[in-house]
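Please keep the sequence and the 3D view open while reading.

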Amino acid sequence: MAKFSIGMDLGTSTSEVAVYRNDRYEALLDPRTQSAIVPSLVAVSAAGELLVGQEALSRVDQPGFGVREVKRLMGTDATVSLRGETYRPEEVSALILRKLKHVAEVSLGESVSDVVITVPANFPDQAKAATHNAAQIAGLNALRLINEPTAAAMAFGVKNLEREEQLVVFDFGGGTLDVTTLEMVSGIMDVKSSFGDTKLGGKDFDDRMIDLILRKFHATGARTDHLSDVRRELKAFAESAKKDLSTRREAEISVARFGQKGGEMVNLEVRITREEYEDEIASLLDRARTVLKTALQSGKLRPSSIGRILLVGGTTYIPAVRDLVSEAFGKPGSTEIHPDLAVAYGASVQAAIIQDLISSETGLIVADIAPIGIGIDIMSDVGGQRMLMYEPLLMPNQKIPVMVERDYSLMSADQRELEIEILQDPTGKAKLATDAVKTDIIGRITDIPPNQSGNPHPLKVAFSYDLNGMIRLRAWIPGLDKSLDIGVAATASRMSDEQKAQASDRIDEIWKSSPYSRQFESLIRKGERLVGEKGDEAKPISESLIELKSALAEGNESRIETAGGMLADAIFDLEG
Amino acid sequence: MAASLYEMLGVTPDASPAEIKRAYYNLIRKHPPEKEPERYRLINEAWSVLSNEESRRSYDETSLYGDEVEALMDAARRAEEEENWATAVQKLKMALALTPTADYILNRLALVYAYDNRFPEAVKSLEKLTTRVPTVPVYWSNLGEIFLRQADWQSENGQEKEKTPSLEKGRAAFETAYRLEPYNQKHLLGVSRCYKAEKNYPQAIAYARRAITADGEVDYSDFDTLFEIAFLHVLTDDWDGLQKVVGEINSVTPSDPEIRGYVASRFARLASELFGAGGYSDAARIGIHALTFQDASARAELEKMVTFYRYVAGANEEMGAFSGDQRLPVPLRYFAYLSYMKAVDEPLEDHDDEFQEAWTNFLRGDGDHRLALLILRMEYPHLYWLQDNVYDKLAEQLKLDLRQGPDPMGDGFRPLNMAEDSAPQRTITKPPVAKPPVARPVTGPTLRESRATLPNNLTRPPNQGLALPFAGGVLGFFMGAVFATPLGGAGVVITGIIGAWIGVSLGKWLRRIVGG
C-alpha cells in the first residue's frame, strides 16, 4: 500500500501539487521559490534552458519564447511554438506536470508516479483525453481525473466528516467559473449540480486591467505603436496590479521607457483605483452573477438553505467578486480551505481514497455527477418534417458512472452510411441538434448492405460515462459486422502510443536542459577533474558520480537530489 | 420486478423519504464507486427515481398496477377501433383511477371525448393536463385541435364557428405549443387553420408562411403548406398571390416526374373540387397551374380537363349577356342554357326531351338561323363550344363558315412555365378577339370524357351524369333536372363562390322562358 497519495491541480494560471499522508493533506513547495503556487508558465531562456513556473515569468511574454494558459488549448489541434520548435498543448502541459512531479519528488524524497489530476467541471471530452495523455507523457499514471469543484469540496469534506449541510463551491479560476452545489451527509459528499461558464476566468479580468492601463496611458498622449504585442508586454504588470487591488485601494503600474511621445521614449506611470477597476469589470461580474443564479436554480436551492460557500480559485481574491457572493447568499464566502490550494488538496484526498489511505468504511465518500448533458443527433419526424433532433443520453447533473443502451433504426432500407456525433448540452434544454454544442467526436459506419426485408436496419447504441468523466459510445447494426466506437477510443486516436512515447522522450530531452538538472553539470565536471587528479583518494567522489549519473539518466528527482548532495559532500570533504 | 427499486435500496415500498435517503447514503458507503462501480450505478439509478416525489409516485403506480393498466389500455384501444367511444372512455377512466398521474392516459381520454364530439369534456381533460404539465407541446396542440374540431362540428350543426370563442382559444393553445417547440410547423399551421376557420384568410396565410420557415428551410417537404397557401389565395381571389405561390412550389419541386405528377394531381384535384363548387374560373386557373407540373406523357388528359374548365368558365362569363340577348331566339337561348347547365353538372334529371324540344323549336322557329349561329359563334364562343358539334352540323347545312370566329382559349390563362412574359395574367379582361384560323379540335371532347379523365388519384365530387342518345344527333347529352323543382320556387340551388349570381340571374331567366 502507498504511504502517501498525490493530487495535482493543473490550472490555467497556476498549478499546485499536494500530498495526503498520515490522515492529512498538505501542499508541497517548489524548492526554489518555497512557494506552493507554481505559475502555469513554460519558457525557454536565452541560453536555451527550459524554465517552468516562477522562473519562466521573466521570459514567458517574449513572443516565441514562452507559453501561458496552455490549458485553454487542451483538446484542440492548436500548437504552440517555443524557440522555433512546435509543441502540442499536451506536451506543454506535460512539462508543467513534470515540474509538479519534480516538486513532489524533491519534497518527499521519493519517486512519484500515481496521481489524481483535476479538470474543470465542464472540460470537453477531448481536453480530458489530452490531460490524460499529458500525464502519460510526463511519466505519470493518472489514477483518475476529477472535477475541480468536487475536489475543492472534498478538501473541506475530509476535515468535516460529521457535518450535515448544503454547501456551494464557488470556483473562479484563471479560465473558468464553476458553481457546484453539494450536500454533506454522514461523511458522504453528495454532489447535486454543477453549472459554469467555461469562457470566464481570471484571464478576462487581466484583459480588462490591460484595457484600463492602456486607455489611461494613451490618454497622456503616449503611443505604443512600436510594440507589436503591447497587451502581451503588459500582461504580467496587469496581473500584479489586479493582485494589488485585492488588498489596496489603489495600484501603481510603472514600466520604464515603455511608450513614445514626441519622438522620445517615456515611462508608463499609471495609477488605478479599485473603483475604476470595478467599473471596468462590471460586465464580467454580471456574467458571474448570472452563472450563480442559474446554478442555484438548476440545483433547486434557495440561497438561504446554503450553509457554507467555499471560495476557490485565484479570481475569488478580487473584492468585488467576494461582494457578489456575499450579496447572493446573504453571508460571506469562506476561505477556510486555501482558495489556491483547495483543488490540489482535494485531488490528493481522491488519490488517498483510491489508494485506500482513506477507509471506505469511515472516511469520505464522494458521489459525483456529470455536469453537462451528453447526447447524439438523430433524424426525427417533427410535424411532418424530418429534423435533426438532439437525443439526450445523459442529463446534466446525473450521477456517474452511467451506462445506457438504446434502440434506433436507420432511415431507409437502402441507407449505406451513418454518422453519429457526440453533442453536449450544458443546460439540459436542447431540443434540436443545433441547440447542442458540437464536440467533433464523430463516428461513421459505411458500406452498409441494403436490408433485403425492405425495412430499415435496426441500430443499437450503447453509451457510457465513467468515473473519469470519459465518454464511450458504441453503435452497431445487429446481425451485421458493422459498428462504430467513439469517445474513449478518441483518446487513443488523438495520440498513438508511439506518438506519446516520442513526446515523452522529447520532454525528457528538454527537461535535461532545465536548471534543475543543469545545476549538477559543473559539480559533475569538478568531481570528474578531482577523480582524475587524486585517484583513489577521490573514491567517495567517483561513487557519488556514478550514483548521480544514473539518477540523472533515470530522471528520478529525489535520487538526483540525494546523489547531488552526496557528491557535494564528498567534494567538500576532499577539498576541506 | 414490482419492488425492485425499493429492493435495490433495501427499503419497503412504504418507506418515508427520510428512510430512503438514509438507506441510500448507507448503501453508498457499503458499495462505494471505487470498489463496486456497477452496484453503485444501480443504487444511484434507484435513488434518482425514488428520491423525487413525482417520479416515485409514478413508479409506484406503474409497478403496482402496471399489468391492469396495460390490459385496460388494450381494451380502450379495441373500443376505439370499433368507434365504441363510451366503452373507450370507461376503460380509460378506470386506468386513470389506478394511475392518476399517467399523463398519456388523460391525453388519450381527451382525444376519445373529441372523437365522440363530447367537446366540453375533451377540453376539460386537456386543460387539466396542460395545467399539470404545461411544458409538453403535444398536449397544447391537441387542445388546439379539439377547439378546431369543435368549431367544425358546431358549424356543421348550424352554429357559425367564427362567432364562437373556441377558435380564439384554439389559436392560443397552438401558440403555446409553438413557443415550446418553435421548430414544429404543425403548431403554426394550427394557428393558420384556426384563422382559416374564422375566415381571416390574410392571417391564415401569414401563419402558414411562418410555418414554412419554422424548420429553417423551404423545401419540397413544405409542399402541403405551400399548397394550402395557394388555396387560401384562391379563397381571397388573390391571383397574384396564387401565381407567386405556384412559382414557389415549382422551385421546390424536384424534377422527378413522379413527384411532379403528384403535385399536378393535387392541383387538378383542387381544380375539380372548385369546379364542383361552382368556382369555374378558379377551377380553370388552378387547372392551368396543374399543367405546370405535368410532364408531356400524361399531359393530354389534364389538358383536356383544363380546356373544358376554361370553356365553362368562359361560358359562365357569357351567360349574363347571353340570357338577355334578344337578337337570339328564345329556344336557342334555352338550348344553350341547358347545355351550360349540363356542363356545370347541376343536379339535372332526365330532361333530354326538353333538350330535344328546345332544339326542334329553334329549328322550326322563325328568324335568321344563320345570324343566330353567327352571333352565338362570334360573341359567345364558349357557349358555342359546349355544343359545337350540334351547331357545326347546322352551320354546315346552312353553308355557314364559322371557322373565323374567336378562339375560346384566348382567355389569358397560362400555365406558369408556358407564360410568354412573367407578368401574371389576372382575370378574363379581354373580350374574345377574332383570331383566324381557329385552332380548335375537330371534335371537342365530350363532357363525359372531360369529366372521366381526371388524372390519377383524383376523387371527383359526385354528380356524374348519364349519357343518353340524342335523337338525330351524334352527341351524348347529360340530362339533368333543371326543371325538376317547381319554377315558382327559389330556382336552382347552386353552391359555391359564384353560385349567388347564377342563382339570381338563372331564376329570372327561367321564369321568362317559361312565361314566353
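Two residues are in contact if their C-beta atoms, placed from the backbone, lie within 7 Å. The model is predicted.

## Helix H7 of chain B

Helix H7 of chain B covers residues 119–132 and has 14 residues. From its first C-alpha to its last, H7(B) reaches 20 Å. That is close to the 20 Å expected at 1.5 Å a residue.

Which residues of H7(B) are buried? They are B:Ala122, B:Val123, B:Ser125, B:Leu126 and B:Leu129. Seen down the axis of H7(B), these buried residues fall within an arc of 160°, so they line one face of the helix. An α-helix has 3.6 residues a turn, so residues three or four places apart point the same way. The face turned away from the buried side carries exposed residues: B:Pro120, B:Thr131 and B:Arg132.

## Chain B as a whole

Chain B has 23 helices and 2 strands. Of its 516 residues, 41% are buried. Take the contacts in chain B with a separation of 6 or more: residues 24 or more positions apart account for 61% of them.

## Helix H8 of chain A

Helix H8 of chain A spans residues 319–329. Its buried residues are A:Val321, A:Leu324, A:Val325, A:Ala328 and A:Phe329. They cover an arc of only 110° around the axis, which puts them on the same side of H8(A). On the other side of H8(A), A:Ser326 and A:Glu327 are exposed.

What do the buried residues of H8(A) pack against? The partners in chain A are strand E12 (165–172), helix H7 (282–298) and strand E17 (308–312). A:Gly330 follows H8(A) and has a positive phi, near 75°.

## Strand pairing in chain A

Strands of a sheet pair through backbone hydrogen bonds, either parallel or antiparallel. One open sheet of chain A has 3 strands in the order E6-E5-E7, with antiparallel pairing. Its edge strands are E6 (50–52) and E7 (66–67) of chain A, each pairing on one side only. Strand E5 (residues 42–44) of chain A pairs with E7(A) over 2 bridges, in the antiparallel sense. Here A:Val42 stands opposite A:Val67 in E7(A).

Strands E27 (residues 471–477) and E28 (residues 482–487) of chain A are also antiparallel, with 6 bridges between them. A:Arg474 has A:Asp485 in E28(A) as its bridge partner. The hairpin of E27(A) and E28(A) has 4 residues between the strands. In this hairpin, A:Gly479 takes a positive phi near 85°.

## Start of chain A

A:Phe4 lies in the segment before strand E1 (5–10) of chain A. Is A:Phe4 buried, exposed or partly exposed? A residue is buried if 20 or more other C-beta atoms lie within 10 Å of its own, and exposed if 12 or fewer do. A:Phe4 is partly exposed because it has 18 other C-beta atoms within 10 Å.

Leaving aside residues up to four places away in sequence, A:Phe4 touches A:Val19, A:Tyr20, A:Arg21 and A:Leu108. A:Phe4 and A:Gln355 are 351 residues apart in sequence. Their C-alpha atoms are 8.6 Å apart in space.

## Domains of chain A

The assignment divides chain A into domain 1 (1–159 + 337–364), domain 2 (202–282), domain 3 (370–466 + 470–493) and domain 4 (519–575). Taken over C-alpha atoms, the centres of domain 1 and domain 2 of chain A are separated by 31 Å.

How many residues are in contact between domain 1 and domain 2 of chain A? Domain 1 supplies 6 residues and domain 2 supplies 7. By class, the side of domain 1 that touches domain 2 has 2 nonpolar, 2 polar and 2 charged residues.

## Contact between the chains

Between the chains, 19 residues of chain A are in contact with 17 residues of chain B. On the side of chain A that touches chain B, helix H9 (342–354), strand E18 (365–367) and strand E21 (385–394) of chain A each supply at least two residues. E21(A) gives the most to this side, with 3 residues. By class, the side of chain A that touches chain B has 12 nonpolar, 5 polar and 2 charged residues.

Technical notes: Residues are numbered from 1 along each chain as its sequence is written. Chains are lettered from A and ligands numbered from 1 in the order in which they are written. This is a predicted model: local features need pLDDT of at least 70, side-chain atom pairs count only at pLDDT 80 or more; totals for chains, interfaces and linings use all residues. Ala, Val, Leu, Ile, Met, Phe, Trp, Tyr, Cys and Pro count as nonpolar, Asp, Glu, Lys and Arg as charged, and the others, Gly among them, as polar. Domain bounds come from an automatic or database domain assignment. Two strands pair if DSSP finds at least two bridges between them. The expected span of a helix is 1.5 Å times one less than its number of residues. The arc is that of the directions from the helix axis to the C-beta atoms.
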